[in-house]
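Work through each task before reading its solution.

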Amino acid sequence: MNKKFMNSPVMFALGMFALMVPTQAFSSFYSYFYVEKLGLGVGLATLARTIYLIWDALNQPLFGYLSDRTRTRWGRRRPWIYASIPLFMATFVMVFAVPEGLTETSLFIWFLVALILFEGVSTILWVNYGALFPELFKGDRMRAKASAVQQGFQIVALLIGAALTPLLFGAMGFGRMALVYACVFALFMCLCVLFIRENADAAKEEPLPLLVAFRETFKNKQFWIFNIANSFAQTVNGLLGSMIPFYAKYVLGLPESQVSLLLASVFVPVIPLVAVWFWVIRRFGSTVGWRISLGVYALSVLPLGFAFSLGTGIAAGAIAGFGLAGFLVTPAVLSGQIIDRDFEVTGRRREGMYTAVGGFITRSSGLLSALAFWIVGMMFGYVSGENPGPDPAGTFRVLISAVPFCLLVVSVVVSMFFRTGQRSEEKPL
């Protein structure tokens, strides 16, 4: 095994690529698949997300705590990741391999069970993969570099998961598409973990008792401010991805075959723009760079509300991609600083707990996205693909532009209360 690649940013980033290809396909098309294609009502889809969020609130911190307490010869995180790979494959396929002829009630039950299983296994993977980042990469400069590499891989995965997916399900159906992505995930996730070696010293400290670990995490004010701000921005990511298929159909009047072009217009420009945002972090520091990215993201979604054709949609999508690139790059550095600060206070490395609780806060964006869909749908009369109401175009103009802008304004306001307390934040990297 080539030691040059051991714990390298590139090999670590393969895990992000592996996770994001199926995750993006899920987030971009599960609503379209169940609501538009299968006829599940928006209200029932929102109810399923709400039930899932209650389950997520329980399992996220628990899996993070268990991960921090794990002690094996292979490390704390790697055993969890390896064990979850086949389960993730099976549950992802389950989401899209829906039996034919289900009633709406049966379809709701299938969706709910598949959602709980898939998102539960996803939690284990994201908690343990995310907890490795601050452990493997020390210092703001190294983390900024590793984050830029990681987000470069993520953007390629976003492009594949969003833009290639319509071509695949158009050619082979949703079930086979899911099987292809499950295999891609397994290949790259195994490669990633194969080239990771955890720091044995990080596991030497005696873990905090459960209640103490929860108390220390939940009383960290800056942690909450950071993740709440990010949760509103993450909601926008989910809305952009999941609403574009509807937006293409009802607002721009495009056939399904051209959805890939519209999705690509958002994600392709993000790839070179990662370098721009890496420079912004180096020039202004991670906290200011993060705030700038949120403000730019808010302005960048506005043109989507005025597009009227494939050409104008592509132009508006490219502008939105600029804002998206900034948000993808900047948070990882700050997250590492928060965990380092906690280590100074508690004497324990608790990446798992912080990643889990932070993941729950940001993943609650899925519920915000579903609620926005339901509320705006009621306002304009959209119920499902079988009953789109009198003004579906208005529904999706609001959902893809006005709602994201408002959410990002809230995110910017919340971010102004954030302070890391790190000396490294006093000057640019």
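**Exercise 1.** In which crossing, left-handed or right-handed, does α8 pass α11?

*Solution.* The model is predicted: local features need pLDDT of at least 70, side-chain atom pairs count only at pLDDT 80 or more, and totals for chains, interfaces and linings use all residues. Residues are numbered from 1 along each chain as its sequence is written, and side-chain values use heavy atoms, with hydrogens and water left out.

Step 1. Helices are DSSP runs (H or I, at least four residues), numbered from the N terminus. Helix α11 covers residues 286-300.

Step 2. The axes of α8 and α11 are 12 Å apart, at an angle of about 35°. Axes are lines fitted to C-alpha atoms, for helices over the stretch in contact, and angles run from 0 to 180 degrees between N-to-C directions.

Step 3. The crossing of α8 with α11 is left-handed. A crossing is left-handed if the near helix is turned anticlockwise from the far one by less than a right angle, and right-handed if clockwise.

Step 4. F226, A229, N230, A233, V236, N237 and L240 of α8 make the contact with W290, L294 and Y297 of α11; contact means heavy atoms within 4.5 Å.

Step 5. By class, these residues are eight nonpolar, two polar and no charged. Ala, Val, Leu, Ile, Met, Phe, Trp, Tyr, Cys and Pro count as nonpolar, Asp, Glu, Lys and Arg as charged, and the others, Gly among them, as polar.

**Exercise 2.** At what angle do the axes of α3 and α4 cross?

*Solution.* Step 1. Helix α3 (residues 78-96) and helix α4 (residues 104-136) cross at roughly 150°, and their axes come within 9 Å.

Step 1. α3 is therefore roughly antiparallel to α4 (under 35 degrees is roughly parallel, over 145 roughly antiparallel, 65 to 115 roughly perpendicular and the rest oblique).

Step 2. This crossing of α3 and α4 is left-handed.

Step 3. The contact of α3 with α4 has 17 nonpolar, four polar and no charged residues.

**Exercise 3.** How far apart are the axes of α1 and α8?

*Solution.* Step 1. The axes of helix α1 (residues 9-37) and helix α8 (residues 221-250) are 6 Å apart, and the packing angle is about 50°.

Step 1. α1 is therefore oblique to α8.

Step 2. The crossing of α1 and α8 is right-handed.

Step 3. The residues of α1 in this contact include Q24, F29 and E36, and those of α8 include G241, F246 and K249. The contact of α1 with α8 has five nonpolar, six polar and two charged residues.

Key: Helix = DSSP H or I, 4+ residues; strand = E, 2+ residues; numbered from the N terminus.
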